[in-house]
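Trainee: I have a model open and would like to learn how to read it. Could you walk me through it?

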Amino acid sequence: MKLVAGVATGAVALAALGAALAPSFAQTSGAPAAFAACRACHTTNKGGKNGLGPNLYGIIGKPAAAVPGVSYSAALKGSKLKWDEKTLDAFLANPSKKVPGTRMPIGTPDPAKRAAIIAYLKAESAK
Ligand code: HEC
């Protein structure tokens, strides 16, 4: 368990570093390549449609499973998570490890990619 916690902490530290470097990238070039895979199921614009997954506008700061009109898994509804950079980072790294039973199908193992995605979601939500 200690080892797992250590690895997770390391990933968060790396993600924080990436987030510190990412804003200029997010501002100048729009969506990072890492977000391309997410587009199939998620929109990020204000009032955007839910697809297979919920609209992600303003997701940071929201409780998990709180976007209206989405039929969430019982697992995510029951998770009691609140999305901040840390919980989002852990979820995106391996959704079904953070929330066993979630219907969110893909993980992003690369911390730099997760940091770019989180920075992008923040930038989109500020629009
Ligand atoms: C094949 C469709 C699909 C893809 C691709 C996908 N997601 Fe999801 N996502 C979902 C579904 C479905 C849920 C709801 C999961 C549940 O109810 O357990 C979800 C949930 C989420 C949530 C939690 C939303 C909330 O309201 O609590 C976030 C954040 C998220 N996805 C981000 C991403 C990101 C970032 C990517 C790209 C790396 C991505 N997703 C790729 C389908 C997808």
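Trainee: Leaving aside neighbours within four places in sequence, which residues is Gly-53 in contact with?

Mentor: Two residues are in contact if their C-beta atoms, placed from the backbone, lie within 7 Å. By that rule, Gly-53 is in contact with Cys-41, His-42 and Met-104, once neighbours within four places in sequence are set aside. Keep in mind that this is a predicted model: local features need pLDDT of at least 70, side-chain atom pairs count only at pLDDT 80 or more, and totals for chains, interfaces and linings use all residues. Residues are numbered from 1 along each chain as its sequence is written.

Trainee: Where is Gly-53 found?

Mentor: Helices are DSSP runs (H or I, at least four residues), numbered from the N terminus. Gly-53 sits in the loop between helix 3 and helix 4. The protein chain has 7 helices and 0 strands, a strand being a DSSP run of E with at least two residues.

Trainee: Is Gly-53 buried, exposed or partly exposed?

Mentor: Count other C-beta atoms within 10 Å of the residue's own, placed from the backbone: 20 or more is buried, 12 or fewer exposed, and in between partly exposed. Gly-53 has 17, so this residue is partly exposed. In the protein chain, 31% of the 127 residues count as buried.

Trainee: How many residues surround the ligand?

Mentor: A residue is near a molecule if its C-beta atom, placed from the backbone, lies within 6 Å of it. Here 27 residues surround the ligand, and Gly-53 is one of the closest, a group that also includes Cys-38 and Cys-41. Helix 3 (36–39), helix 4 (74–77) and helix 5 (85–93) each give two or more residues to that shell.
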